[in-house]
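Here is a short briefing to read with the model open beside you.

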Amino acid sequence: MPHDNNPIVISLVTAGRMVHRVLVDQGSSTNVMFWPTFGKLQLSPDQLRPYVGCLYGFAGDQVEVRGCIELRTTFTDGVASRTEKIRYLVVNTPSAYKILLGRPTLNRIGAVPSTRHMKVKLPSMEGVVITIRSDQKEAKKCYENSLKNKRSVCHVTTTLPPGVEPGQENRRVVDTAFEVAT
């Protein structure tokens with residue numbers, strides 16, 4: 001199935017439960033677990049350690065960090081597996097994903113993500129190569145859900161810019177485009 005440049009979205013096991021919609025995010029400087037996922041894993045807020053610092057989203061907005069937690073996380077392809085303790089920042093912000101797996105973990109476990117092949121490869125502790133395939137259907141659903149979230153936040157106003165008379169707004173847009181091009 002062609003992937004149309006979808007991101008790599010995998011499943012893994014953490015806190016003894018299978019978690020789908022895990023984004024392999026080479027652009028993230030940390031591993032992130034979203035608050036609804038934390039709740040669905042039936043983890044207690046008492047398990048969170050305080051986190052001192054700020055986390056900023058892609059758009060530069062500050063994200064509420066509830067704390068951090070270290071969880072045993074298993075990567076498997078159904079044949080071989082590898083379990084590591086992963087430190088997650090637990091954040092309270094909307095997301096189409098359940099977890100973002102960032103550079104700290106990808107580098108530590110020697111993972112090699114390939115968006116061309118829609119796979120992540122990493123060595124098991126025994127030296128066997130684990131190949132985790134991206135779930136393209138989940139990737140597409142996440143992308144569609146993220147667009148829905150953005151549409152619900154977007155507001156359109158009909159206030160005309162200063163100096164533009166009603167009925168001349170189209171003329172002004174053409175003039176402005178011409179001025180910018182010039």
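**A serine in a loop**

Ser28 sits in the loop between strand E2 (17–24) and strand E3 (32–34); helices (H or I, at least four residues) and strands (E, at least two) are DSSP runs, numbered from the N terminus. This is a predicted model, where local features need pLDDT of at least 70 and side-chain atom pairs count only at pLDDT 80 or more, while totals for chains, interfaces and linings use all residues. Residues are numbered from 1 along each chain as its sequence is written, and side-chain values use heavy atoms, with hydrogens and water left out.

**Around Ser28**
- Ser28 is buried, at 11% relative accessible area (buried is under 20%, exposed over 50%, partly exposed in between; 1.4 Å probe, protein chains only).
- Its side chain reaches the backbone oxygen of Thr30 at 2.6 Å.
- Leaving aside residues up to four places away in sequence, Ser28 touches Gly102, Arg103 and Pro104 (contact means heavy atoms within 4.5 Å).

**Salt bridges**
- The chain has five salt bridges (a side-chain nitrogen of Lys or Arg within 4 Å of a carboxyl oxygen of Asp or Glu).
- One of them joins Arg21 and Glu138 (2.5 Å, N to O), linking strand E2 to helix H3 (residues 136–153) across 117 residues.
- Arg21 is buried at 15%, and Glu138 is buried at 16%.
- Glu138 also pairs with Lys141 (3.9 Å, N to O), three residues away in helix H3.

**Whole chain**
- The chain holds four helices and 10 strands.
- Buried residues make up 35% of its 182 residues.

Key
A polar contact is a pair of N or O atoms within 3.5 Å; within protein, one must be able to donate a hydrogen and the other to accept it, and residues adjacent in sequence count only if both atoms are side-chain atoms.
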